[in-house]
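Here is a short briefing for a first look. Please view the sequence and the structure before reading on.

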Amino acid sequence: MTYPLLSPVVVRRLIGFAVVLGSLALAGLTIVSRPLVGVAAYVLSLVVVAAALLQTDSPVFDERDETVSKEAASRTLTVFGVASAVVFPALTVAWGLDMFEWQPWSSAIGVFVAVLYLTYGAFTVAIGSRR
Amino acid sequence: MTPTESDSRGSIVPLASGLLSGLAALLLALLSQSRPLVAVGGYVLLIGTAGLGFVITGQGSDRSEQADRIGAADVTLAVVGIASGAVFPGLVLAAGLGYFRWTPVAAGIAFSVAGLYALYGTVALGQWLRTRPA
């Protein structure tokens, strides 16, 4: 593909809509017990993303997109981290006082959060030492 | 960046508070089963000490360290996102074909991932709209 057919703005919007709709379809259709339709919708959204990327020559994401993505990632992990640092000790206290019972799903969320922040910490150390 | 005295002294604080936070999380994980109140007391104490280090030295706002953290956050969310984007559709497909059953553990992790990226999407969209050139 040597000739651009779509402008970067159109490609960006297509990708954005495809990713959001594909993920929502996957989650929603799984919840209403239509997993195969959900996967099909998700695969379709991936095809749309790939096709959109092939239909343009110019860079799709500029520096502002990168900056926004990075700062949003940092804020998200900060908010999620502060919330977790309050919620999980509080749940543990409640558990100690017999006001809360750990369920497999709530423990799973706790473990997921722990793994997420271990990954984050590892990347921080790795990037810091490379500097 | 040339290392200066304040750099080498300052780099102790993030390291120490990182270790203290890790220790606090470990304490919480290990002792919450048997002695929840001790675990939480120790957790609050250790996290408080870690935070106090930053307050006293005024550290944690170093430009390059901030850039490291921001870069690491971006990479972390990208890695977790790509992994989830491959794993969860795979699980949904396997469940649809009868090779996998959703357990509370898998569902809990799936909902955490969904919540995390919903938050990320909201924050990113808000930031994108705010910094939009007129």
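Predicted model: local features only at pLDDT ≥ 70, side-chain atom pairs only at ≥ 80, totals over all residues.

Residues are numbered from 1 along each chain as its sequence is written, while chains are lettered from A and ligands numbered from 1 in the order in which they are written.

**Domains of chain A**
- Chain A is divided into domain 1 (8-54) and domain 2 (63-130), with bounds from an automatic or database domain assignment.
- The C-alpha centres of these two domains lie 27 Å apart.

**Contact between the chains**
- Chain B gives 43 residues to the contact and chain A gives 45; residues touch if their C-beta atoms, placed from the backbone, lie within 7 Å.
- On the side of chain B, helix 4 gives the most, with 18 residues. Helices are DSSP runs (H or I, at least four residues), numbered from the N terminus.

**Helix 3 of chain B**
- This helix has 22 residues and reaches 32 Å from its first C-alpha to its last.
- Its buried residues (20 or more other C-beta atoms within 10 Å of their own C-beta, placed from the backbone) are Pro36(B), Ala39(B), Val40(B), Tyr43(B), Leu46(B) and Ala50(B).
- They lie on the same side of helix 3 of chain B because they cover an arc of only 135° around the axis, taken from the directions from the axis to the C-beta atoms.
- These buried residues pack against helix 3 (63-96) of chain A together with helix 2 of chain B.

Methods: Contact = placed C-beta atoms within 7 Å. Helix = DSSP H or I, 4+ residues; strand = E, 2+ residues; numbered from the N terminus. Expected span 1.5 Å × (residues − 1). Buried ≥ 20, exposed ≤ 12 C-beta atoms within 10 Å, placed from the backbone.
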